[in-house]
Amino acid sequence: MCYNQIIAALWPPERMSVFMQQHEIWKIIDERQEDLIRFCQDIIRIPSENPPGDVEDVTKFICDFLDTYHIPYEIVRPVPGCPNILATFGKKGGKRVVFNGHCDVVPAGDESKWDFPPYSGEIKDGRILGRGTSDMKCGLASSLFAIAMLAQHNAELSGEILYTIVPDEETGGYHGTQWLFEHGYIKGDWGIVPEPTGFDNIEVGQKGNLGIHLTLTGRSAHGSLAPYVGQSAVEDMMELCQALKELREIHGSYDGEIAQVMEVSKQAIRNIQKAPGVDNCMDHVTVNFGVIQGGTKYNMVADSCQVDIDCRVPIGVDGEQVQEKVAEIVERLGLTDRCKAEYRGGRTGNYCSINDPIVLSARRCAKELMDIDLIAAYQWASSDTRYFREAGISTIQYGPSNAEGIHTYNETVDVKDVVSACKMYAGMILDLIG
Ligand SMILES: [Zn+2]
């Protein structure tokens, strides 16, 4: 079946009332645009940097918003200082759409490097300015606003929305999304994560994370006797790191739908990053030697050296395969007895089918609202969305963003993208459980 036939089968003419409700809610969102943007500005003005991870003020602010629109919620705290909000709206017993947003942001860092105060929330040249605008407070605010508008106008849903607002995505999600899944709080049929993607594309898959921590042991001696006496852990680590670049040759091979989306994703990263060969980040293992520490003093032969490596594992490659290759390289260099390897994560990539109703709904809404063909692509980074897909929930990421400022200085988002995103969320909810 071609795309149009699939759409026609999923949304036959008797769904006309859903279409009408969508146009009605889109009109309401247009009329309430100022309130939506003020909500975004207000949430930007509440710093919630992680680390250290204090999100109490922003959580209180969001709860006040939910109270205003009579949306019920509960707060669960796996540990003190880590509040998770679980808000629900709609009818129990039907299909369930789960939204997931994080309210923490990465630190602003050196404020002198910003062109504007990071927590001003000002609007300039059609953009909202500040830390968290793209990642992901405006995605969070616009999706909450979409639900608030449905609630205020008594939208009749055949299913339920669960919104989980989590405190710690920027430090791994251990007391947020991961904990909620482990303790049975998140169950559903579809997931929407308003993480930054830009108005014209959705994320339908992402790479896995594998952290590698290696410790090499040497034998100390007077520096003047190297390399004849003692065994330098620093020098051996230099050789080991050089050899570990071979991990970058590990890649996935694809056919069918995944091959098709992979090709689109490679084109997308080439357009954004403009660095030769950067599209290898999509289907190959990437290796970043992030931190290296070793030795005691320049005139002593180093008896210890450690390296922290960030590997990203593509869809179709298992983290185990990377670990086996590390062990093989360590053995080849004769370092097995002196090298200790520790791993974090180790997941493979995750994805959802582009023919899933949630993807088709996003594409249909984008066509209807903005007259664009939404691009469905994989991302080279990863997020809390992995927990959803690992739990078997078909999930997409879609959120307003300008890529330049994310996790660096001068973060912004376009006002018009925030409004469109809000309408997209409302439209998708009505498509799926209207
Ligand atoms: Zn984020």
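V229 is partly exposed, with a relative accessible area of 38%; buried here denotes under 20% relative accessible area, exposed over 50%, and partly exposed in between, for a 1.4 Å probe and protein chains only. The model is predicted, so that local features require pLDDT of at least 70 and side-chain atom pairs pLDDT 80 or more, while totals for chains, interfaces and linings use all residues. Residues are numbered from 1 along each chain as its sequence is written, and side-chain values use heavy atoms, without hydrogens and water.

**Surface patch and loops**

V229 is located in the loop between strand 9 (208–217) and helix 7 (233–244); helices (H or I, at least four residues) and strands (E, at least two) are DSSP runs numbered from the N terminus. Together with L225 and Y228, V229 makes a nonpolar surface patch of about 340 Å². Such a patch consists of residues with over 30% relative accessible area and no salt bridge, nonpolar side chains (Val, Leu, Ile, Met, Phe, Trp, Tyr) being joined within 5 Å and like charges within 9 Å. A salt bridge is a side-chain nitrogen of Lys or Arg within 4 Å of a carboxyl oxygen of Asp or Glu. Areas follow the Shrake-Rupley method with a 1.4 Å probe, and for residues only the protein chains shown count as cover.

G81 occupies the loop between strand 1 (73–76) and strand 2 (84–90). The C-alpha atoms of G81 and K95 are 32 Å apart, at a separation of 14 residues along the chain.

**Zinc site**

The zinc ion has as protein donors H102 (NE2), D135 (OD), E195 (OE) and E195 (OE), at 1.9 to 2.7 Å. Donors are N, O and S atoms within 2.8 Å of the metal (3.2 Å for Na, K and Ca); water is not among the atoms, so sites may look incomplete. Along the chain, the donors follow the spacing H-x32-D-x59-E. H102 belongs to strand 3 (residues 96–102) and D135 to helix 5 (residues 133–152), so the pair ties together parts that are 33 residues apart in sequence.

The angles among the four donor atoms span 52 to 147 degrees, and the site is irregular.

**Cysteines and accessibility**

The whole structure contains zero disulfides, a disulfide being a pair of cysteine sulfur atoms within 2.5 Å. For C311, the nearest cysteine sulfur is that of C241, 11 Å away; for C339, the nearest is also that of C241, at 9.9 Å.

| Residue | Relative accessibility | Class |
|---|---|---|
| H102 | 1% | buried |
| D135 | 7% | buried |
| C311 | 0% | buried |
| C339 | 16% | buried |
| G81 | 31% | partly exposed |

Technical notes:
Four donors count as tetrahedral if all angles lie between 85 and 135 degrees; four count as square planar and six as octahedral if opposite donors are over 155 degrees apart and all others between 65 and 115; anything else is irregular.
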